[in-house]
Every structure is written in structure tokens, then in C-alpha cells.
Amino acid sequence: QVQLAESGGGLVQAGGSLRLSCAASGRTFNSYTMGWFRQAPGKEREFVAAVTKSGITTYYTGSVKGRFTIARDNAKNTVYLQMNSLKPEDTAVYYCAAKFEYYSDSSYDYDYWGQGTQVTVSS
């Protein structure tokens with residue numbers, strides 16, 4: 001029903017920047033809160049950022065606030081995660097996710113998931 005496809009991951013040096021994109025299928029993109037999660041090896045999946053349906057309100061986990069920016073373009077059915085001042089601790093697989101209607105920071109509440117894209121930050 002809703003398919004998500006991430007792109008933009010890769011290898012970057014500490015202090016560098018990367019922009020992730022997530023393209024969504026369907027005609028109801030603006031009915032969903034969009035989120036980014038990440039998972040490092042041996043760790044639980046962690047909330048990173050989310051943006052509400054209109055794109056007006058955003059949420060971030062404390063460790064990325066001030067460095068990462070989430071945004072959406074409803075005309076293009078696309079959500080972005082701009083990552084600046086990257087640290088080795090940011091290394092993880094990053095997942096795009098969609099939740100019908102209203103905001104949540106819990107991975108269990110999200111309805112659709114992308115395949116993930118690897119982000120590696122070297123020191």
C-alpha cells in the first residue's frame with residue numbers, strides 16, 4: 001500500500017555531512033507522520049527524527065538535535081534527513097518509516113518501513 005525507498009547513505013569522515021532521501025509511493029502521503037530510525041549492530045532500533053503531516057512540526061532525539069534536520073516535500077512524496085557534523089556514533093543503518101496520522105517516537109507504532117541505508121562515519 002505504501003512503499004518506501006531510502007537513498008543517500010554512504011561513508012563519510014567525522015565532521016562531514018550526508019543527506020538521506022526517502023521516496024514514498026501512493027496518493028496519501030500527506031496522511032502520514034514520517035520518521036527516521038537507526039540501528040547499530042547489537043543495538044535496539046532508535047528513534048532519530050520525525051515530521052508531522054503538514055511538515056510544520058518536527059521532533060528529534062537529543063543526541064542529534066542541532067546537527068540533523070528532517071523535512072518533507074509533500075508535492076514530491078519525499079522526506080529528507082540532512083545530517084551535519086557527523087560523528088562515529090552516528091554509524092548505523094538508517095530506516096525511513098511512515099505512521100498513519102499522528103506523531104509517535106516508538107518504532108512499534110509505525111506502519112510501513114523502507115529497506116534501510118547504511119551510514120558509516122569514520123574517525
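## Ground rules

Since we're looking at a predicted model, local features need pLDDT of at least 70 and side-chain atom pairs count only at pLDDT 80 or more, while totals for chains, interfaces and linings use all residues. Residues are numbered from 1 along each chain as its sequence is written, and side-chain values use heavy atoms, with hydrogens and water left out.

Let's start inside. Strands here are DSSP runs (E, at least two residues), numbered from the N terminus.

Leaving aside neighbours within four places in sequence, Leu81 is in contact (heavy atoms within 4.5 Å) with Leu18, Arg19, Leu20, Trp36, Val48, Ala49, Phe68, Thr69, Ile70 and Tyr94. Tyr94 sits in strand S9, and it counts as buried because its relative accessibility is 0%; the scale runs from buried (under 20% relative accessible area) through partly exposed (in between) to exposed (over 50%), using a 1.4 Å probe and protein chains only. With the neighbours within four places again left out, the contacts of Tyr94 include Glu6, Trp36, Arg38, Leu81, Gly116 and Val119.

## The disulfide

There's 1 disulfide in the structure, defined as a pair of cysteine sulfur atoms within 2.5 Å. Cys22 and Cys96 are the partners, with S to S at 2.1 Å, and the link is left-handed, at -80° about the S-S bond. Distant parts of the chain are tied together here: Cys22 is in strand S3 and Cys96 in strand S9, 74 residues apart. Both Cys22 and Cys96 are buried.

## Loop residues

Most residues other than glycine have a negative phi. Asn77 has a positive one, near 50°, and lies in the loop between S7 and S8. Asn77 counts as buried because its relative accessibility is 16%. Glu101 also has a positive phi, near 65°, and is found in the loop between S9 and strand S10 (112-113).

Asp111 belongs to the loop between S9 and S10 too. With a relative accessible area of 43%, Asp111 is partly exposed. Not counting residues up to four places away in sequence, Asp111 touches Tyr32, Ala98, Lys99 and Phe100. Asp111 and Val2 are 109 residues apart along the chain, yet their C-alpha atoms are separated by 8.9 Å.

## The cavity

Rolling a probe the size of a water molecule over the atoms shows where empty space is left. Here a cavity is a set of points, on a 1 Å grid over the protein atoms alone, where a 1.4 Å probe fits but cannot get out.

Val2, Ala24, Ser25, Thr28, Phe29 and Tyr32 line the largest cavity, each lining residue having an atom within 4 Å of a point. By class, that lining has 4 nonpolar, 2 polar and no charged residues.

Methods:
1 Å grid on protein atoms, 1.4 Å probe; cavity = no way out; pocket = protein on both sides within 12 Å on 5 of 7 lines; lining within 4 Å. Nonpolar A, V, L, I, M, F, W, Y, C, P; charged D, E, K, R; others polar. Helix = DSSP H or I, 4+ residues; strand = E, 2+ residues; numbered from the N terminus.
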